[in-house]
Amino acid sequence: MTRATRQDAPSAAPHAADHHDLIRVHGARENNLKDVSIEIPKRRLTVFTGVSGSGKSSLVFDTIAAESQRLINETYSAFLQGFMPTLARPEVDVLEGLTTAIIVDQQRLGADPRSTVGTATDANAMLRILFSRLGDPHLGSPNAYSFNVPSVRAHGAITVERGNSKTVRQSFTRTGGMCPHCEGRGTVSDIDLTQLYDDSKSISEGAFTIPGWKSDSWWTVRLYADSGFLDPDKPIRDFTEQEMRDFLYREPTKVKVEGTNLTYEGLIPKIQKSFLSKDREGMQPHIRAFVDRAVTFTACPECQGTRLSEAARSSRIGELNIADACALQITDLADWVATLDEPSVAPLLAALRHTLDSFVEIGLGYLSLDRPAGTLSGGEAQRVKMIRHLGSSLTDVTYVFDEPTIGLHPHDIERMNGLLLRLRDKGNTVLVVEHKPETIAIADHVVDLGPGAGTGGGTISFEGTVAGLRASDTLTGRHLDDRATLKKDVRKPTGTLEIRGADRHNLQDVDVDIPLGVLTVVTGVAGSGKSSLIHGSIPRSDEVVSVDQSPIRGSRRSNPATYTGLLDPIRKAFAKANGVKPALFSANSEGACPNCKGAGVVYTDLGMMAGVSATCEECDGKRFEASVLEHHLGGKDISEVLAMPVTEAEEFFREGEARTPAAHRVLTRLADVGLGYLTLGQPLTTLSGGERQRLKLATHMADKGGTYVLDEPTTGLHLADVDQLLALLDRLVDSGKTVIVIEHHQAVMAHADWIIDLGPGAGHDGGRVVFEGTPAELVAKRGTVTGEHLAAYVGG
């Protein structure tokens with residue numbers, strides 16, 4: 001290889017291009033930002049911190065990253081832009097020095113049943129090519145090993161219009177790997193009919209056992225009784241074959257019941273639309289319990305849950321077929337791929353080895369490629385997205401991370417910090433929104449937003465080095481070195497919850513007793529089996545309230561007031577005070593502004609250009625009809641109430657003319673979980689993962705359950721807010737509840753009455769209980785990775 005030699009001497013004067021080493025933001029007003037101006041150094045690691053709702057995401061994601069993506073999209077033709085998501089320009093005066101932004105956020109990977117860890121990355125595609133080249137017997141193209149591709153066979157006549165048209169016989173065959181029985185899903189769902197009706201009774205006698213289906217409900221029961229398709233006075237078990245088919249499966253058919261035109265539909269599709277298409281978390285407890293009883297999911301009996309056809313499972317490389325390979329833990333799969341030595345596919349093997357090694361390097365070696373993507377936590381999903389960037393040759397791009405340490409044990413945070421520094425050292429700009437002091441400590445530059453949340457935030461409280469932040473008087477600076485202390489006295493359990501022989505996923509026949517009436521923290525490195533033990537072994541019932549990190553479904557019309565049920569007592573209070581109907585005070589019902597239909601904005605489709613949204617001129621963004629806003633409660637109209645932060649609304653509905661105990665109770669719970677800064681009408685689509693989990697927690701605090709199971713409740717919490725969470729957990733336990741928390745945060749561990757530590761490693765290296773006892777005992781023994789880190793945290 002030859003290398004050119006430089007003849008010219010380096011110039012003393014800096015090149016003009018070298019002056020562009022800052023990202024300049026001037027006059028940012030997105031969401032709650034208050035005319036923010038800031039200069040961020042390029043090719044450095046900048047951490048943005050501040051309390052939840054202070055404006056971090058508004059500055060980093062909604063302003064800097066959003067404008068970078070919008071400008072890149074504008075480089076494509078108008079035709080292509082029509083197929084891309086439309087992005088409005090952020091509310092900012094000037095943005096200079098932007099580079100291409102790659103966003104690695106907490107958005108979970110698609111929950112499509114056919115989406116897996118392997119399909120979400122390039123690993124599955126490379127494995128399919130590998131088996132199509134080396135598999136024995138040979139089946140054909142990579143499609144023959146894909147559970148997303150069905151086999152197709154067609155024969156018939158086609159007309160070829162070329163010169164003199166003539167008809168020719170043609171056949172078409174495509175070999176796919178999809179299991180024809182489960183259609184590549186791996187599971188088959190079934191509805192337990194015994195949970196829907198009592199077949200010894202007739203419909204007239206009240207055979208239905210579905211919640212809300214009373215014997216006099218004309219829109220359900222009377223519809224089936226008077227449809228004419230079946231005998232309402234005959235026990236269901238005596239239905240003829242045709243009656244049973246019409247009763248359970250008939251397609252939508254127009255019928256007339258008591259002079260009213262209605263649509264009759266079989267019971268199974270009706271149940272699927274009425275219950276199974278809705279967000280389980282948004283259901284009332286008794287409806288949720290019914291759905292859990294009535295619907296069962298079992299592994300496909302034909303493919304044994306592998307999703308693949310029999311032919312795809314018959315083709316092997318050595319002892320493994322592609323289903324076996326995808327079921328291996330990624331660390332084991334990487335070892336197997338390393339044993340393959342075939343020159344004809346050497347580049348493919350090298351790329352596959354690199355991808356699998358990236359999984360291991362980023363701390364996800366305990367996963368398998370057939371793991372459904374929807375089961376990954378927000379932190380795991382974020383790290384899966386990082387994999388494609390680890391070996392990238394791109395430089396001088398901006399990587400934007402949203403709390404990359406979520407779901408990571410303190411032991412794993414060190415590895416994540418190393419990856420962030422590697423990306424920076426390749427010449428990239430790394431912007432990180434983060435609360436963990438371990439990651440804040442490695443920053444080259446820190447931007448602290450605040451001083452408070454919501455309307456109390458949106459300004460730059462501090463900008464500079466980590467040492468400068470530590471010496472500053474900001475909320476983050478004061479709490480940066482906070483350390484919780486071990487409890488001197490722990491609570492005594494009132495009983496035990498026995499778990500015996502737990503073997504879900506990587507659990508290795510675990511026996512453990514969880515104490516009742518105390519605060520128990522279940523911890524361990526990522527992938528050690530914490531969620532498998534708790535969510536998989538504690539039975540779901542009305543007594544157990546489980547608050548996990550599964551996403552909340554909802555459109556931009558959904559908000560904290562609608563999700564928590566807060567809007568119902570508020571509407572009734574307005575209606576009672578003004579002598580009108582409650583429906584008037586709903587922006588989704590009679591009170592909606594007729595111009596914007598209650599959305600508050602009017603969308604204009606510009607065809608080949610990006611559409612624009614403008615505040616509705618008729619209601620000025622208030623979403624309600626003008627006549628509705630003339631009605632007041634405590635001197636406020638409904639739009640002013642929905643614009644209130646939770647803390648202000650809690651005071652408003654506590655006493656005086658607006659006193660509404662039902663609304664005040666919900667608002668108190670929202671404030672207790674640290675969401676006092678949210679406005680009642682803020683769209684759910686704007687909430688972070690941590691905020692959504694705390695919103696679910698506030699909703700479930702009204703449940704009657706005696707056991708609360710929380711999955712990493714510190715997600716998205718600022719250092720200063722952790723104390724408030726600990727106080728909330730104490731209140732729950734002191735009120736007689738059992739609280740079980742899956743958590744990595746050392747402050748929560750130190751505050752626990754009892755700790756269960758799983759490990760010692762991840763995947764098949766974990767799945768065992770390595771410690772049970774009090775936090776003080778764990779610190780004293782230091783026999784586990786968790787014990788070492790907790791001892792260092794408390795200074796033990």
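A disulfide is taken here as a pair of cysteine sulfur atoms within 2.5 Å. By this criterion, the structure, which is a predicted model, holds zero disulfides. For Cys182, the closest cysteine sulfur belongs to Cys303 and lies 3.7 Å from that of Cys182, which is too far for a bond. Cys326 likewise takes part in no disulfide; its nearest cysteine sulfur, that of Cys303, is 13 Å away.

Helix H11 comprises residues 330-339 and helix H12 residues 346-361. The two pack at an angle of about 155 degrees, and their axes are 9 Å apart. H11 is therefore roughly antiparallel to H12, since angles over 145 degrees are assigned to that class. The crossing of H11 and H12 is left-handed.

On the H11 side, the contact is formed by Ile330, Thr331, Leu333, Ala334, Val337 and Ala338. These residues meet Leu349, Leu352, Arg353, Leu356, Asp357, Phe359 and Val360 of H12. Classified by residue type, the contact of H11 with H12 contains ten nonpolar residues, together with one polar and two charged residues. Thr331, contributed by H11, counts as the polar residue, whereas Arg353 and Asp357, both contributed by H12, are the charged ones.

Conventions. Residues numbered from 1 in each chain as written. Predicted model: local features only at pLDDT ≥ 70, side-chain atom pairs only at ≥ 80, totals over all residues. Heavy atoms only, no water. Axes fitted to C-alpha atoms, helices over the stretch in contact; angles between N-to-C directions. Helix = DSSP H or I, 4+ residues; strand = E, 2+ residues; numbered from the N terminus. Parallel < 35°, antiparallel > 145°, perpendicular 65-115°, else oblique. Left-handed = near helix turned anticlockwise from the far one by under 90°. Contact = heavy atoms within 4.5 Å.
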